[in-house]
Amino acid sequence: VGGRTRKLTRSGPVGSGEVGGTGYGASDTTERSNGLAWKSLRGIGLKGLLALRDRFGSLETAWSASSAELEEIDGFGKKTVAAIAEQRAAKDPHKLYADYGKANPNFWALGEADYPTLLRECPEPPPILHYLGEPNADDLTGRAACVAIVGTRSPKRNGYGERAARQLVKALVERGYTIVSGMAAGIDSIAHQTCLNLGGRTIAVFGTGVDIAYPRSNLRLYETIRDRGLILSEYPAQTAPRGSNFPARNRIIAGLCRATVVIEAPERSGARIAGRLSIEYGRETFVVPGEMFDPQFAGSNQLIASGTAQLVPSAAFLIEALEGLPGLDAPLTRQPANLSASPDAGGAPPAPKVAPIPTDLAEPLQRALACVTTEPISVDGIAAASGLGGGEVLAALSQLELLDYVTRLDGGTLYRRC
């Protein structure tokens, strides 16, 4: 799948991306070529590359290091160094770079200036990161906040996860945050599409090459992100979908972002992995609450139980928490043209409409919602009218608020129907 790619600039993307081109900082073709050369050697994994960079300051300097200097690095014994010397003698980094660039014209090496700053700080950053679309310096340097939205490929039929994703993305786009996800079916795709529909910026991280639209049902979404956002992958062009690639790409999703929001994550899911990695990386991690006995939320609830992830009771809570993060440029408040309709000129406002109670909601949610009208009511009042305990009411209200059925008033203890 083809597509144009633009150069990286401080104010935004312009022009076209070429091998050896320049971005918001000078693109280091020497670092790229040596990064590719080291990566091509048998027996040199990510830990070895990081050790080389740490020891010599750059992979270019490491490439010309003597065998004695290489043996000073932990894990580089005489046998390993001898194999490196033999392979180095047969390789030309600049030729490797030229050949690789024919199929992969746009990528960053770990040691160069354009490589995403926050991702570089993680324990296992990919040594090569391919891109397609519109790189933006504010996203990649961390000056503007990227927020990951991740969740199950198979959201519940009652629409809870989908509606939560749409509401949270809407609030984030209004405040100028970039939405990052994996373009998987389900919550990921909903997050990307909602962001694009609202005129926001989104980044998709692939477990395939950047030229592969996967799943194929997301071809149109792929083309839109390619043209209006950014696609990233550690895998070269034409890399087909492999099961092992998708868990690995979650470290890139979490590593790019100042915060990760987990929505409807089963126990064994990529979304739970992304949330766990976000915690390990010291990033803010948020989880949309779910029912205690529902396996669709087992992974979500485990993250909450860890004590290091914050429960998200509302979109307003998420925005307030994010805007307290240090080191960010003030997010841009914006109101996309298609986000809300203008009220009719003149005349009285329309009477409030109250949505019917869906029959597929869990019973505690139905009982709590039946007690809430357009008039404010307290948590105690809902408990008394519904027969639910106080904790059950609060849990139900958190979910109903995310589903846009109720809204919490300024005092925090009164609710009414949306």
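**Cysteines, helix packing and aromatic pairs in a predicted model**

The sulfur of Cys-257 lies 5.4 Å from the closest cysteine sulfur, that of Cys-146, which is too far for a bond. A disulfide is taken here as a pair of cysteine sulfur atoms within 2.5 Å, and a search of the whole structure finds zero of them. Cys-257 is buried, with a relative accessible area of 0%; buried means under 20% relative accessible area, exposed over 50%, and partly exposed in between, with a 1.4 Å probe and protein chains only. Cys-195 also counts as buried, at 0% relative accessibility.

The model is predicted, so local features need pLDDT of at least 70 and side-chain atom pairs count only at pLDDT 80 or more, whereas totals for chains, interfaces and linings use all residues. Residues are numbered from 1 along each chain as its sequence is written, and side-chain values use heavy atoms, with hydrogens and water left out.

Helices (H or I, at least four residues) and strands (E, at least two) are DSSP runs, numbered from the N terminus. Helix α2 spans residues 46–56, and its buried residues are Gly-48, Leu-49, Leu-50, Leu-52, Arg-53 and Phe-56. These buried residues pack against α1 (29–40), α3 (59–63), α4 (67–70) and α7 (117–120), where contact means heavy atoms within 4.5 Å. Gly-57 follows α2 and has a positive phi, near 85°.

Two packed helices are described by the angle between their axes and the distance between the axes. Helix α9 (residues 160–174) packs with helix α18 (residues 390–402) at an angle of about 65°, and their axes are 8 Å apart. The contact involves Tyr-160, Arg-163, Ala-164, Gln-167 and Leu-168 on the α9 side, and Gln-399, Glu-401 and Leu-402 on the α18 side. By class, the residues of this contact are four nonpolar, two polar and two charged. Ala, Val, Leu, Ile, Met, Phe, Trp, Tyr, Cys and Pro count as nonpolar, Asp, Glu, Lys and Arg as charged, and the others, Gly among them, as polar. The axes are lines fitted to C-alpha atoms, for helices over the stretch in contact, and angles run from 0 to 180 degrees between N-to-C directions.

Gln-167, in helix α9, is buried with a relative accessible area of 17%. Apart from neighbours within four places in sequence, Gln-167 is in contact with Ala-315, Glu-401, Leu-402, Leu-403 and Asp-404. Arg-163 lies over the face of Tyr-405, 4.5 Å from the ring centre. A charge sits over a ring if NZ of Lys or CZ of Arg is within 6 Å of the ring centre and within 35 degrees of the ring normal.

Tyr-405 is also among the contacts of Leu-369. Leu-369 belongs to helix α16 (residues 363–370) and is buried, with a relative accessible area of 0%. Leaving aside neighbours within four places in sequence, the residues in contact with Leu-369 are Ile-357, Pro-358, Leu-361, Leu-400, Tyr-405, Val-406 and Arg-417. Leu-369 and Leu-400 are 31 residues apart in sequence, with a C-alpha to C-alpha distance of 7.6 Å.

Seven aromatic pairs are found in a search of the whole structure. Rings of Phe, Tyr and Trp (its six-membered ring) pair if their centres lie within 6.5 Å; planes under 30 degrees apart count as stacked, over 60 as edge-to-face and the rest as tilted. Trp-108 and Tyr-131 form a stacked pair, at 4.2 Å centre to centre and with 20° between the planes. Trp-108 lies in strand β1 (residues 107–109) and Tyr-131 in strand β2 (residues 128–133), so the pair ties together parts that are 23 residues apart in sequence. Trp-108 counts as buried at 1% relative accessibility, and Tyr-131 at 9%. Ring pairs also link Tyr-97, Tyr-100 and Phe-107 into a cluster. Arg-32 lies over the face of Phe-107, at 5.4 Å from the ring centre.

Some backbone features fall in loops. The peptide bond from Tyr-214 to Pro-215 is cis, with omega near 0°, and Pro-215 is in the loop between β5 (202–205) and α11 (219–228). Met-183, although not a glycine, has a positive phi of about 55°. Met-183 is in the loop between β4 (178–181) and α10 (187–197) and is buried, with a relative accessible area of 0%. Glu-264, a residue other than glycine, has a positive phi near 55°. Glu-264 is in the loop between β7 (259–263) and α13 (270–280) and is buried, with a relative accessible area of 0%.
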